[in-house]
2 protein chains.
Amino acid sequence: MRHTDWIQAAPGVWKTTLGSPEGLTPLTCMKRKPKTEAMAGMPDVPLPIEWEEIAFTELKAGGSLLSFPLGQSEELYGAGLQFMRMNQRGRTRYLRVNSDPRQDTGETHAPVPFLVSGRGYGVLVDTARAVTMYCGSTLRQHEGAAAEARDRNTDRGWKATPASDRLEIRLPPEGAAVYLFAGPGMMDAVRRYNLFCGGGVLPPRWGLGFWHRVPTLYRDEEVEREAMEFRARDIPCDVIGLEPGWHSASYPCTYEWGADRFPDPAGFVSRMRQAGFRLNLWEHPYISPRSELYGEMQALSGDYAVWGGLAPDFALEKARELYAAQHEREHVSLGIAGYKLDECDGSELTRNSWMFPAHAAFPSGHDGEQMRQLYGLLLQDITSGLYRRKNLRTYGLVRASNAGASSLPYVLYSDLYDHRQFVRALCNASFCGLLWSPEVRRTESTEDWVRRMQTVCFSPLAMLNAWGDGVKPWSDPAAEAEIRHYIRLRMRLLPYLYTVFAEYEANGTPPFPAMPLVLDEAKRTKQRAASAAGENHPDAAALNGASPKGPIQAFDVLDTSEGAYGTRLGREWDDQFCIGRDLLVAPMFAGETGRDVLLPEGVWYEAETGVRREGGRVIRVECPLERLPLFVREGAVIPMMPALSHVPEGDIPIELVHFGSAPGESLLYDDDGETFDYEQTGGCWRKVTVAKTADGSFSGTVEPGGAGSRYRIAGWRFGQTSLPPEASEPANRGGICNE
Amino acid sequence: MRHTDWIQAAPGVWKTTLGSPEGLTPLTCMKRKPKTEAMAGMPDVPLPIEWEEIAFTELKAGGSLLSFPLGQSEELYGAGLQFMRMNQRGRTRYLRVNSDPRQDTGETHAPVPFLVSGRGYGVLVDTARAVTMYCGSTLRQHEGAAAEARDRNTDRGWKATPASDRLEIRLPPEGAAVYLFAGPGMMDAVRRYNLFCGGGVLPPRWGLGFWHRVPTLYRDEEVEREAMEFRARDIPCDVIGLEPGWHSASYPCTYEWGADRFPDPAGFVSRMRQAGFRLNLWEHPYISPRSELYGEMQALSGDYAVWGGLAPDFALEKARELYAAQHEREHVSLGIAGYKLDECDGSELTRNSWMFPAHAAFPSGHDGEQMRQLYGLLLQDITSGLYRRKNLRTYGLVRASNAGASSLPYVLYSDLYDHRQFVRALCNASFCGLLWSPEVRRTESTEDWVRRMQTVCFSPLAMLNAWGDGVKPWSDPAAEAEIRHYIRLRMRLLPYLYTVFAEYEANGTPPFPAMPLVLDEAKRTKQRAASAAGENHPDAAALNGASPKGPIQAFDVLDTSEGAYGTRLGREWDDQFCIGRDLLVAPMFAGETGRDVLLPEGVWYEAETGVRREGGRVIRVECPLERLPLFVREGAVIPMMPALSHVPEGDIPIELVHFGSAPGESLLYDDDGETFDYEQTGGCWRKVTVAKTADGSFSGTVEPGGAGSRYRIAGWRFGQTSLPPEASEPANRGGICNE
């Protein structure tokens, strides 16, 4: 066992290269520029472990082992889009792409080899090969193993998974680059990771509206008819997705319009756009012999076929160009707004064995294992590049991803369909620079239908996917009103969501943070405040690593001895999450009439009932089907817009809704919503302040919008405890406003 | 791609060594002598493929690929103890040991890298590393891949898994020895594989009686009380298994008796033996710090602990000796009859991550991956060796195995519990030199309970496992009579079962063959007969590879164009199996009142009702809960014994029961039932003949028993159509007898 040398790669980021890694990796193929300026503005802290504690061993069977110390209750989050658990501590994660991740092995659509530790740092392995991370799942014989031995028969302390004090990462035989990300907190480490990968994505504004995917084999007039029914029923919709059946042939794909169902694609796209709809096209990367691309692509593809089609070698510039040029000509030039990139996530264990094998050879010199781990990334990169060249943003769906994906305008989805797993995936995505859509398809009951629609409306991509079952928001008349309410609420909250994504873009802050990130950040903030207040404050001692004395209070934010909040009270809080700083969503699942919610410290308001709740504890909420446990933080100022049928071309009237009895401060982000001009201008960040006047009423101030601004401040509300109803009068309730 | 050199390793067996394999392998650690004499007696046929069709490619990422041609409808069976399907064609099999094989990935308790092809040959990779077998699951780009492309939307010929014309096997980076086994039929290839591995196991006679495992933490008098209740209730039982709780500490294990629950182990074992019970001890291979073995074993163990215990390096002779000596002293010398070897089947993806990792280092120089793949084999070898040294046979349970296991006296089991999967595993075990017990635990309904007990009584090891739930054969009063009936029937059929296992030992014929083996063998036999009858017979043409002309008859045994019977009629016949040549069992599953049965050609009798059935077709049987679809072949002579409480020490009275209206011939095997003396003497094989006399009655002849014989022929029955009831008078019904 020996130690390794680390060099600083960016502020708070260290790198080492072990072995002689070859070929593309997630970071090298993404070629994103780290946002070093934003990183430099973060706290300048060392790693919370000593360099000498990181060990490196070469293995007999090839490859090597990198090993990190683990504290007794140290939590490990991330490892990509995990569906089965949030804290990966105690589990071995085999990080290979897998299209059907039904077992808790670590394999998933997006097997990002990035972990963030509760101790406040992150580790990334940048490789196109499958990596195994032993997240405290191995117990070395000579390190107190005997002390772990128990008698299962008689000793209640016996554990199926004995405690381990090392995180071990098995690197591929060829080696890999490894990066470490400093904290001080988990949220900081995640931000640093995202910033190092180029920052988070800022979707076009329309991408945050409602999406609907029409059934397979629909023809143009069927699509238009279904789209117009959204307008007729007052259900907002910005994006219509076309599923298999728009190509002239698919499985494998031609990427050419089927003349029978879409005789005039340009006219169709243009008519849809006039009605306020963007179009998103389903495809997968396997090229049909009937595609015009086939001939030229043959020499640029792997030596194994998928469904009889070519698997292009997207590590080759020429293959990327051919694919891109055809897509530009056939789709983008017509006004197609983006793609759904399906089935780029196969591997050996994929159901039905359709994927090329790990031993496939590609002309670029990569093999099947490498190409599979990167396929999703490469497709996201090529297709998003089509839009960037036009200075247009896109937003779409993808079934595979990997490290370095935070800046990519794609949201993950799956053929899985467990509602709890979908919420857990949403949470877990936040640790690894990923986004996830808990898309809704047909359900078994009205209850499940409403609960899933509530969830998806508070997710990165709010979508109904009717490709196989033809379901529509109004399919269940008993629930149409509730479904409409939540889709409209999504639309009204769009300015808030857009600002939250702008924070992702600029600072790397995950827009939908899981509870461990939220709670850890709250703890650090409190500790910093305590530290500033003086060394003798008990919170300051905790910051310096001392353990608190005396009885441990439930949700004492200083308690580090029992693990962070994520696994407090014997359960993972993997079924609730925040949106930005100020909203907390606790989805309900079919069969429940109420649930426990872990509310972070502070005062919160149940957004649909106005009930005031003290945080810093677990509360019980009862929630009939027509309501969702949605909480707003005291002092928040939530920018809202009307529930328009779709994101408009022109100005958007904004209402600023202040919550609670405390003053507040927030930021409002705005730009053209369509282009990358914000990268030059910095976009339009406006500070919103609500102060309390001498007479106890409120006074609101918002900074001016500037040139790029599309928002028109139409009014304010102060001291709210619930979301204002749609119909009500907006302007300047309860205070004085300044702009 | 290049070709490789093959040398003959035994009659009809060829070997090549690719790369530079190191360390132990399944075959080298078993050190079994191939039964070359028996193999030499088999048909001398070439491989059904050309040597030049076998290709070998070195892979960029290390390792190499061995590739075999596949016919369009060629079936591939085996790949170890698979639970999810029988024909592996179209699937990628990742053959790594896995204690919780819930997904259809290929991983399993016994990942034997052996496949048998419907074309009539077998292939084995002899390695201690995980092997990936692509069983026609990959489609090379240049071999007609484009022709496989379909439009999923409109072409009903679209397949989720496109057809492939290669079996590809990825060998480990270090290489491996590969063996090929000639046919001509699948059954022949399997026999050759078993014979090459040393032949099949012949269990002690008592091993084929009924087994009951008592609950965890039972103390001596509780065990004795429960055992004696079998006697009181007239339910045969030969073996009582002790579960966790007999050790002084377990998880990890001491292998020493817990003095509180078993103060006098020698007395306990002796009292049990006097009552006719053998004892089987649960254990796993991880050594508790409280075991006397711990100190000396520490330097002989891997560098990772399991549940805080040592993982001994059983590749070291010294470790094997220590373990064996302690087991001999503590158990075998007391009269313990055998072991249940649990939890030797962990790997990275094991639930709860208790296993040592793949990168664990063992003093012998092996790593964790190798040791895990071999752990089950090594434990079987060590523990069975304890008995062989005493010239005593043992029979037990094990949760992990691999190639080369046919001669080992162990039956596989699992924590899984799907009844259909259990029957499928029983079938699949027959392709790979394995045995499987569909053990019964508590069930949800009387119906499920009875159906599972019926199945287990027709399996290699008939066992109720009450370790966790305390269930007993009489737990459900509504079903006690049926349960008793089937356990007693098992006992009565024991002489037949014993002969069937003797055929396994001598000729490698699987005792519980799956239907593809049975049907393929029937086809070959018919073709050989036709061939002998003259070249112009149409069956002879089929033997020579010509396709039959004209319409394809259902179950035409000549039909090779549509694949063998295994997948005929759109389904795999993986829910029924034979026992030897003459019994066919079609288990029923809860929720069914009847089922389809594929009956091979010939006449069969429903053994419990006497109904005569024409084979060579699929029949429908209705079966109330108190009956099981059990069929006996016309002309069979089934040796039966009384439903004794347990296998007796002295002579066993045998009744020879002839079925149907045709003459018959069969073999009856006998020996002392306890020792390996049969290896010197050849045991006692007695030919049994039933002829038809001039007056249409039957005449039976059985060869004399000889010195080692324990059987006393107590009577005959001729022309039976159902199993004789227990109470009835045995002697010489319906014919003349000679001995």
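Colleague: Is D670(A) buried or exposed, and what is its relative accessible area?

Modeller: This is a predicted model, and in it D670(A) is buried, because its relative accessible area is 0% and the cut-off for that word is under 20%. The residue lies in strand β30 of chain A, which covers residues 664-670.

Colleague: Which partners does the side chain of D670(A) reach?

Modeller: One polar contact joins the side chain of D670(A) to the side chain of R205(A) at 3.3 Å, and the side chain of D670(A) also comes to 2.9 Å from the backbone nitrogen of Y711(A). Leaving aside residues up to four places away in sequence, D670(A) touches R205(A), G683(A), C684(A), S709(A), R710(A) and Y711(A).

Colleague: In which sense do β13 and β14 of chain A pair?

Modeller: Strand β13 (residues 210-213) of chain A runs parallel to β14(A), with three bridges between them, and H212(A) has I240(A) as its bridge partner.

Colleague: What about a helix: how many residues of α10 in chain A are buried?

Modeller: An α-helix has 3.6 residues a turn, so residues three or four places apart point the same way. In helix α10 (residues 419-429) of chain A, 10 of the 11 residues are buried, so the helix is largely enclosed by the rest of the structure. Among the buried residues are H419(A), F422(A), R424(A) and N428(A), and the buried residues of α10(A) pack against α11 (446-456) and β21 (577-579) of chain A. At the start of α10(A), the backbone nitrogen of R420(A) has a side-chain oxygen of D418(A) within 3.0 Å.

Colleague: Where does V201(B) sit, and which residues does it touch?

Modeller: V201(B) belongs to the loop between α4 (186-196) and β13 (210-213) of chain B, and it is buried, with a relative accessible area of 5%. Not counting residues up to four places away in sequence, V201(B) touches S406(B), S407(B), L408(B), P409(B), L435(B), F501(B), Y504(B) and E505(B).

Colleague: Turning to the two chains, how much area do chain B and chain A bury between them?

Modeller: The size of an interface is often given as the accessible area lost when the parts come together. Here chain B and chain A bury about 5600 Å², 50% of it on carbon and sulfur atoms. On the side of chain B, the residues that lose the most area to chain A are Q141(B), N153(B) and H359(B), which together account for 12% of what that side buries. The contact itself draws 71 residues from chain B and 70 residues from chain A.

Colleague: Which polar features cross that interface?

Modeller: Between chain B and chain A there are 37 residue pairs in polar contact, counting pairs with both residues at pLDDT 80 or more. By class, the side of chain B that touches chain A holds 28 nonpolar, 24 polar and 19 charged residues. Two salt bridges are found across the interface, and D303(A) and R140(B) form a salt bridge through their side chains, with 3.7 Å from N to O.

Conventions
Residues numbered from 1 in each chain as written. Chains lettered and ligands numbered in written order. Heavy atoms only, no water. Contact = heavy atoms within 4.5 Å. Buried area = accessible area lost by both parts, 1.4 Å probe. Salt bridge = Lys/Arg side-chain N within 4 Å of Asp/Glu carboxyl O. Polar contact = N/O pair within 3.5 Å; in protein donor to acceptor, adjacent residues only side chain to side chain. Nonpolar A, V, L, I, M, F, W, Y, C, P; charged D, E, K, R; others polar. Helix = DSSP H or I, 4+ residues; strand = E, 2+ residues; numbered from the N terminus. Buried < 20%, exposed > 50% of the residue type's maximum accessible area, 1.4 Å probe, protein only. Pairing = 2+ DSSP bridges.
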